[in-house]
Structures are given as structure tokens and as C-alpha cells.
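Hello,

Here is the structure I promised to pass on. Have a look at it first; my notes follow below.

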Amino acid sequence: VAVPAVSRPAGQPGRLLYIEDNPVNLLIVQELLAQRPDLQLHTAIDGLSGVSLALSHRPDLILVDMQLPDIDGHEVLRRLRADEATAAIPCISLSANAMPEDIERALKAGFDDYWTKPLDLRVFMRSLESIFGAPG
């Protein structure tokens, strides 16, 4: 499954929302994105605030941790897809669960891709490049 490339007006930063309750995982993604000044990161530490942020900020891409403290990643996706404002935003599941059935369930539910944790940092940066284009 390939996440479609994001088209944005020249000079406008790409907007990324990461819904994740683990501070270490948030920090890793923040550090990686520091190498991409053309991308703007918003974060939420639970599913409900993540859905709310998605509605108010309309990011270009949403990364969703599957195990959140309030609602799980499937419910986050269901709510995003149910709202016209966020229904078309590509969503990528991030999870430590790498079992084929977990991946298949997430993709069938409508996630655009499934990235396993711990993140492979090179693959993560390459994936962002294919979605947002090269930095600069």
C-alpha cells in the first residue's frame, strides 16, 4: 500500500500529525523531523485530542499509534473517516504489533499504510520523502 504524494503550494510546509502517548516515540519523531524544516509537526498524546487536532489543523498526513490510553487507533481512524473534513487525509498506523493479522486488520480498516515500531529511521525518512518530496 502506497501513501499518495502530498501536493502543497510552493513554500508551504507539509503538516504532519502524530498521535502517540509514548514520550520516547514522540521525541524520536520530533528529532527526525528537525531534519525536515519543510515539515510542521503537531502531536497529540491521546486519540480524542488527536481527532480534535486533525479537525482543527487539517494535516497532510496523520501517524496513529494503535495503543492509545483512551481510544485505540482503529477508533481514531473510524472517527477521522466519518468526518468530511478529515475523511481523505492519509493515515498511517504505527504499532509494535508486527503480526500479519494486525497489519491486515489495520489496512482493511482503511489505514493507508502500517509502519512497525521501533521505527527504522532510514525507512521512515525515505517514506516521508516519497510522501512530501525531498526537503528544500
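Lys108 and Glu104 sit four residues apart in helix H4, about one turn of the helix. Keep in mind that this is a predicted model. The two side chains form a salt bridge, with the closest N and O atoms 2.9 Å apart. Lys108 is exposed, at 67% relative accessible area. Glu104 is partly exposed, at 44%.

The count of salt bridges comes to eight.

- Asp60 pairs with Arg15, the closest N and O atoms being 3.8 Å apart. Asp60 is in the loop between H2 and S3 and Arg15 is in strand S1, so the pair ties together parts 45 residues apart in sequence. Both residues are buried.
- Asp65 meets Lys117 at 2.7 Å, N to O. Asp65 belongs to strand S3 and Lys117 to the loop between strand S5 (113-116) and helix H5 (121-132), so this pair ties together parts 52 residues apart in sequence. Asp65 counts as buried at 3% relative accessibility. Lys117 also counts as buried, at 17%.

Glu20 joins Asp65 and Lys117 in a network of salt bridges.

Now helix H3, residues 73-82. Its buried residues are Gly73, His74, Glu75, Val76, Leu77 and Leu80. What covers them? The cover includes strand S1 (14-19), helix H2 (47-57), strand S3 (61-65), strand S4 (91-95) and helix H4 (100-109). Asp72 caps the N-terminal end of H3. One of its side-chain oxygens lies 3.1 Å from the backbone nitrogen of His74.

Best wishes

Notes. Residues are numbered from 1 along each chain as its sequence is written. This is a predicted model: local features need pLDDT of at least 70, side-chain atom pairs count only at pLDDT 80 or more; totals for chains, interfaces and linings use all residues. Side-chain values use heavy atoms; hydrogens and water are left out. Buried means under 20% relative accessible area, exposed over 50%, partly exposed in between (1.4 Å probe, protein chains only). Helices (H or I, at least four residues) and strands (E, at least two) are DSSP runs, numbered from the N terminus. Contact means heavy atoms within 4.5 Å. A polar contact is a pair of N or O atoms within 3.5 Å; within protein, one must be able to donate a hydrogen and the other to accept it, and residues adjacent in sequence count only if both atoms are side-chain atoms. A salt bridge is a side-chain nitrogen of Lys or Arg within 4 Å of a carboxyl oxygen of Asp or Glu.
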